[in-house]
Amino acid sequence: MVARRCHCRALVFLVAFWFAYDAICRTLGQSENGDAKVGALVLVLVCIASYAATQMFAGRAAFLLVGAMLATAMSANVFFWIIPGQRTMVADMKAGRPVDPIHGQRGKQRSVHNTYFTLPVLFAMLSNHYSFTYTHPQNWLILIAIMFAGAAIRQFFVMRHGHKLGRNPHPWKYAAVGVVLLLGLIVWLRPAPSTAAAAPATVGYAELKPVIEQRCVMCHGEALASRNVRLDSPEELKRHAQSVYQQVVVGKLMPINNATGLTEDERALFARWFEAGSPTN
Ligand code: HEC
């Protein structure tokens, strides 16, 4: 039941984004300074949608959903605007009718958007490999910043082409904005040494046991042993020590979507316990 409701909400999310985006392009696309107005509004819309997604869905799902949302808009642009527009123009030309430039202008605007969506989609779709991005409390800001950096870098490549043809000055500033933004994120997201230092030097099973009972056993116990992993006895825990370390400390994949609210200090306990040789007492 829960999963169904989730899928349904995700679908509503994709469709709602498309309608909002499409409405912006339709109403303002051909107005004076249309490209700039539409560009600014679409940027705002993507930011709102990214924030909403991270509030409605767990981090990992939210990032994928934002990727799917942009990818859906890209495909819909091609199917509903770019291809039909070209068809109409070709048909008009064949029939000897005057060709209305609006079809070309609309199609161009949509394909420019698709260009900027490319790198953000790529990141959002691959983001499940980068758990430190979507598990962060400000994950929405990280998502927006990385997507913005992607769009800026894309702009660099687009304008570099123009530079070679002598149409515009060298666009290094766009690449610089993207790179500086990414460097800033690296500094911001670097692992904090302080939490590990806060944990005691060595951690035995006795210290870890209450944490595991509170955060893991409901999915890894007698009643339910996800992936056949049980963690409700010291022997079982030790048997899975390497995998537990990998899941909890390195990848931060467990607890799934941090459903049970494992804190950073508790994660540090897992690290200390593993480094102490996974003691069973
Ligand atoms: C809400 C349920 C849930 C909670 C809470 C949870 N897990 Fe899991 N765990 C799972 C599921 C489901 C899988 C199987 C994941 C998969 O197949 O991708 C799993 C898999 C694992 C695996 C095996 C991974 C592998 O690929 O071999 C380990 C180890 C693990 N969990 C450790 C933990 C630890 C340690 C905690 C507590 C800090 C924890 N889990 C909390 C549901 C949970």
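Which helix gives the largest share of the lining of the second largest pocket? H4 does, with ten residues. The model is predicted, with local features requiring pLDDT of at least 70, side-chain atom pairs pLDDT 80 or more, and totals for chains, interfaces and linings using all residues. Residues are numbered from 1 along each chain as its sequence is written, and side-chain values use heavy atoms, without hydrogens and water.

The second largest pocket holds about 920 Å³ of space. A pocket here is an open set of points on a 1 Å grid over the protein atoms alone, where a 1.4 Å probe fits, with protein on both sides within 12 Å along at least five of seven lines; lining residues have an atom within 4 Å of a point. Volume is the space filled by probe spheres set on the points, which are joined across faces, edges and corners. The lining comprises 33 residues; Gly 39, Val 112, His 113, Tyr 116 and Gln 155 lie nearest the centre. Helices H2 (34-56), H4 (101-126), H6 (139-164) and H7 each give two or more residues. Helices are DSSP runs (H or I, at least four residues), numbered from the N terminus.

The largest pocket has a volume of about 1,100 Å³. Its lining counts 36 residues, with Phe 132, Thr 135, Lys 252, Glu 264 and Arg 267 nearest its centre. Elements giving two or more residues include H3 (59-94), H7 (172-189) and H12 (264-275). H12 provides the largest share, five residues. Domain 1 (2-190) and domain 2 (195-275) both contribute to the lining, so the largest pocket lies between them. Domain bounds come from an automatic or database assignment.
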